[in-house]
Amino acid sequence: MDAEQIWQDMLSILEVEVNTLGFDVWIKPLRPLGIEDGILVLVSPTSASKSEVVSRYMPLLKGALRRVDGAPSELTLISEDERDRYSPRESEPKKTEKAAPVSSSHASNINPKYNFENFVVGGCNKLAHAAAQAVAENPGTLYNPLFIYGGVGLGKTHIMHAIGNAVRMSMSNLKIVYVSSKTFINEFIDSIRTAKGANQDFRDKYRGVDLLMIDDVQFISKKPSTQEEIFHTFEELQNAGKQMVFASDCPPQEIPDLDARVKSRFASSLVVDIQPPDLETRIAILQHKSQEAKTNIPANVLEYIAENVSSNIREMEGVLTKVIFLAKLSESRVDMDICKQALGDYRVQTCEEITADEIIDYTCKYFNIAKADVVGKKKNKEIVEARQIAMYLIYDMLSLPMISVGQFFGGKEHTTVLHARDRVVAAMANDEKTRTAVGDIKAMILRK
């Protein structure tokens, strides 16, 4: 396994272990340089960031490395200005050799921090929680497969790890694999291009398990070979009575460019959603997190955070982490002043405060395009892209019917809006530029 693949697997683990703020600021900027004498070398952009990562996150980095099958046992972190001292050599199998078989169990990828006991249940996730518990108690029987969908940062990954932990505790003999779809895709590609026999090793790994959980399956959009592999894996596991759990940011029928057979199998699952939490649930989550951090935080502070960060649990937890950090830094108690300081970079608007016209305005500002062109009939590539993203954001953020969205664009038909939404969803799954544009525009709107 090369350094890049190891790092991608580590990121999948770290994303659920590190709060959003820490992950985005300190972990994501790291890059794998290579493998030198059995040591994974990571590069940090600056000496200062290197020092911060070493002091705060090195144990987590090493823990994530130990969970990746086939990875070196050690890692080191260098800064960008130190990289000239290193000339890492990737260890790859010779063409005549058979690639090392993939381990049949990924139970170590289950994060022990995430379980049913620390999953806060509310009206937004009650059905998903109940279905997940039923699956954990009787895998392969009641709800097989289980398909969970919902927005980013609402608890889908937490609940999948909770299933894995519960099964591992009560049925330790079962083989469990939790994997992100990106890792599944990368391993599948590697199995095709590497030494003879690796493809069978890949299939043995995923078809020889008792519990298979694949996260973010929306990213298999426009990947027909991967979809074919998932279809056959699905069939074999279902015929053998083995449990499957899938998670996505949208229901099966809304994943674009999905093979009809795969879509049918997903749709035949028990499909449950997780909605953004209401105010009471958000406060309960923050109370639980403050107890975990062993920090006494006044009720009015927790309520203020919950009122101002409503759409993403990870972001809300990131604000709480920053509040605690600022209090420790100033050696003072947590109070409303510190809370407002932490929220300075995170203040978001509620959907009730956002209008379709504002979404269009910010989209035009981002692309530097006249509003009259975006809501008009011009079909230049740049204008069409901006128009489709604006339609998608209005539909996504305001939950308006498609026919209503079309009215903001000269009375476009609902089928035009549907096409725009599907095009943007597909582009976000495969194109970094589109993901960045949508994320940046949404951030501009929410933090206006």
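**Sheet, salt bridges and helical core of a predicted model**

In strand β7, A247 is the bridge partner of I148. The model is a predicted one: local features require pLDDT of at least 70, side-chain atom pairs count only at pLDDT 80 or more, and totals for chains, interfaces and linings use all residues. Residues are numbered from 1 along each chain as its sequence is written, and side-chain values use heavy atoms, with hydrogens and water left out.

The protein contains 19 helices and eight strands. Both kinds of element are DSSP runs, numbered from the N terminus: helices are H or I over at least four residues, and strands are E over at least two. Of the 448 residues, 49% are buried. Buried means under 20% relative accessible area, exposed means over 50%, and partly exposed lies in between (1.4 Å probe, protein chains only). Among contacts with a separation of 6 or more, 75% are between residues 24 or more positions apart. A contact requires heavy atoms within 4.5 Å.

Five strands form an open sheet with parallel pairing, in the order β5-β6-β7-β4-β8. Its edges are β5 (176–180) and β8 (270–274), each of which pairs on one side only. From one strand to the next, the twist averages 15°. Strands count as paired if DSSP finds at least two bridges between them. Strands of a sheet pair through backbone hydrogen bonds, either parallel or antiparallel. Here, β4 (residues 146–150) and β7 (residues 243–248) run in the parallel sense and share four bridges.

Axes are lines fitted to C-alpha atoms, for helices over the stretch in contact; angles run from 0 to 180 degrees between N-to-C directions.

Some backbone features lie in the loops. Most residues other than glycine have a negative phi, and most peptide bonds are trans. A cis peptide bond joins N144 to P145, with omega about 0°. P145 sits in the loop between α4 and β4. The loop between β6 and α8 holds D216 and K222. D216 is not a glycine, yet has a positive phi of about 55°. K222, also not a glycine, has a positive phi of about 65°. D216 is partly exposed at 26% relative accessible area, and K222 is partly exposed at 49%.

Salt bridges number 18. The rule asks for a side-chain nitrogen of Lys or Arg within 4 Å of a carboxyl oxygen of Asp or Glu. K205 and E187 form one of them, at 2.7 Å from N to O. K205 lies in α7 (residues 198–207) and E187 in α6 (residues 181–193), so the pair ties together parts 18 residues apart in sequence. K205 is buried at 1% relative accessibility, and E187 is buried at 10%.

R207 and E236 form another salt bridge, at 3.5 Å from N to O. R207 belongs to α7 and E236 to α8 (residues 224–239), so this pair links parts 29 residues apart in sequence. R207 is buried at 18%, whereas E236 is partly exposed at 40%. In the bridge between K371 and D361, the closest N and O atoms are 3.2 Å apart. K371 lies in α15 (residues 371–374) and D361 in α14 (residues 356–367), so parts ten residues apart in sequence are tied together. K371 is partly exposed at 31%, and D361 is partly exposed at 35%. Shared partners join R203, R207, E229 and E236 into one salt-bridge network.

The largest nonpolar core has 32 residues, and those with the most contacts inside it are I359, I389, L393, I394 and F409. Helices α14, α16 (381–398), α17 (402–407), α18 (414–430) and α19 (432–446) each supply at least two of its residues. The largest share, ten residues, comes from α16. A nonpolar core is a set of buried Ala, Val, Leu, Ile, Met, Phe, Trp, Tyr and Cys residues joined through side-chain atoms within 4.5 Å. Leaving out residues up to four places away in sequence, I394 touches A356, I359, I360, S399, L400, V405 and F409.

Helix α18 has 17 residues and reaches 25 Å from its first C-alpha to its last, close to the 24 Å expected. The expected span is 1.5 Å times one less than the number of residues. V417, A420, R421, V424, V425, A426, M428 and A429 are buried in α18. The buried residues of α18 pack against α16, α17 and α19.
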